[in-house]
Amino acid sequence: MDKSVSVLIIDDHPIIANAYESALESFVNHNATYNFKITSVYSLDEAQLLLDNTSFIENLDLVFLDMRLPVSTDGKLVSGEDLGKLIRAKKPDIRIIVSTTFNDNYRLHNILQSLNPEGFLVKNDINPKELLSAIENVLAGSPYYSKTVLNLLRKQVGSDIYLDEVDRKMLYELSIGAKLKDLSDLLPLSIAGIEKRRRNLKKMFGISGAEDRELVKIAREKGFL
């Protein structure tokens, strides 16, 4: 009896999406009982449209999700991490394989805390064998992390730097030139709440000055932008 698996691939680079599709096809060649129904999209906007379809999300089993995706047109999603949280909210038991070019320990730690993905791949680690191993483990119910993520876990890096979607949205708006008065219209916070968050972010990143420019610079270096 076929094991039918509905798969959604979200990556803004078609060549990467094609690599996932090829890996899934190769997996079927060695595991004939599986049957994959694959949908690939290349932007947060396309993914949002699919997730608005209740029937689609209810039948979805596995998601390949890139972390570094261009901001959605409506500005509500600033990265793949935001989309991952939306997917989790709609279907908590879905299996997500995250892929990212980020290799900063703080950024990887933040993604682990935020999404707790079943698979976590750093793109520099990815090759056909790695992809097959990730698919096999995740479908079998076991988590799979590529070597860069495993090294992070082995070091047991603890981090006080955890940014939620509001923090990341604030950083994004600051990075494109938003002022304090603008943020109160863009975020679900009062002016006092925005100031408190901004102070906390600067404290977490070890910034003492009043300039937002340095905050944006450090956030970008750590992969939060």
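Analyst: Eleven residues of domain 1 are in contact with five residues of domain 2, contact meaning heavy atoms within 4.5 Å. The model is predicted: local features need pLDDT of at least 70, side-chain atom pairs count only at pLDDT 80 or more, and totals for chains, interfaces and linings use all residues. Residues are numbered from 1 along each chain as its sequence is written, and side-chain values use heavy atoms, with hydrogens and water left out.

User: What are the bounds of domain 1 and domain 2?

Analyst: Domain 1 covers 3–155 and domain 2 covers 165–222; such bounds come from an automatic or database domain assignment. Their C-alpha centres lie 28 Å apart.

User: Why is the pair arginine 168 and glutamate 81 called a salt bridge?

Analyst: The definition asks for a side-chain nitrogen of Lys or Arg within 4 Å of a carboxyl oxygen of Asp or Glu. The N to O distance here is 3.7 Å, so the pair qualifies. Between domain 1 and domain 2 the count is two salt bridges. On the side of domain 1 that touches domain 2, α4 (80–90) and α5 (105–115) each supply at least two residues; helices are DSSP runs (H or I, at least four residues), numbered from the N terminus.

User: What area is buried between domain 1 and domain 2?

Analyst: About 730 Å² is buried, and carbon and sulfur atoms give 47% of that area. Buried area is the accessible area (1.4 Å probe) that two parts lose on being put together, summed over both.
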